[in-house]
Amino acid sequence: MERIVVFNDHANIAAAFQQLGYPLDQGDLLEYLAEGRFLVEAHTFVPIDPRDPSGRDALVEDLWNIGYLVHSKIGTIAGDSYRCDFDVELTLEMMRTAEIVKPDIIVLLSGDKDFVPAILELRRRGIRVEIAGFPGHNAAREVMLKGSGFIDLDRYRQQRWEALETLPESPTQASTVKAALEAGPL
């Protein structure tokens with residue numbers, strides 16, 4: 001059985017799901033990515049709003065309960081919002097994992113092209129790097145091409161919603177589906 005480690009750029013993936021009006025069930029997504037493979041560990045990198053440092057405590061606890069190793073840091077104010085860049089931390093953790101854990105596959109939940117050098121280095125080390133994202137939305141073409149494989153999250157979304165026999169057409173319908181997903185397993 002192939003050994004995988006998942007790395008989740010939480011801000012990138014959560015924003016993509018939200019912008020597209022799709023519900024995000026982190027536990028279900030992790031199960032989907034690991035299906036038929038041995039999940040060694042899963043890391044997620046969660047930015048914290050400096051104006052409300054405890055505002056994501058419940059999210060962080062939920063992610064720990066799902067099984068993620070949660071990495072968080074407080075961002076810096078940027079106008080009316082904040083910025084929190086995890087590229088260096090995420091890259092270092094992927095390289096550390098490659099050396100210590102030696103997985104067969106790393107799944108990167110991010111389409112950020114800043115990860116291309118890390119993706120190429122991991123591949124040179126004999127590790128398959130699968131990129132998971134939404135083509136044309138949060139997954140840069142360059143990242144999709146440089147990875148060993150691509151997991152289309154739009155297909156994931158369609159499979160999950162088709163299982164509920166409905167595809168939301170608007171964010172209002174998406175919240176109804178989210179409530180159905182939260183109500184229990186499919």
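Reader: Which helix holds both Asp-154 and Arg-157?

Author: In this predicted model, local features need pLDDT of at least 70, side-chain atom pairs count only at pLDDT 80 or more, and totals for chains, interfaces and linings use all residues. Residues are numbered from 1 along each chain as its sequence is written, and side-chain values use heavy atoms, with hydrogens and water left out. Helices are DSSP runs of H or I with at least four residues, numbered from the N terminus. Asp-154 and Arg-157 lie three residues apart, about one turn of the helix, and that helix, residues 153-163, is α7.

Reader: Is Arg-157 buried or exposed?

Author: Buried means under 20% relative accessible area, exposed over 50%, and partly exposed in between (1.4 Å probe, protein chains only). Asp-154, at 22%, is partly exposed. Arg-157 has a relative accessibility of 9%, so this residue counts as buried.

Reader: How far apart are N and O in the salt bridge of Asp-154 and Arg-157?

Author: A salt bridge is a side-chain nitrogen of Lys or Arg within 4 Å of a carboxyl oxygen of Asp or Glu. The side chains of Asp-154 and Arg-157 form one, with an N to O distance of 3.0 Å.

Reader: Which residue forms a salt bridge with Arg-128?

Author: Arg-128 is partly exposed at 35%. The closest N and O atoms are 3.0 Å apart, and the partner is Glu-130.

Reader: How many salt bridges are there by this rule?

Author: One of them joins Arg-125 and Glu-121, with the closest N and O atoms 2.8 Å apart. By the rule, the count is nine.

Note on methods: Helices (H or I, at least four residues) and strands (E, at least two) are DSSP runs, numbered from the N terminus.
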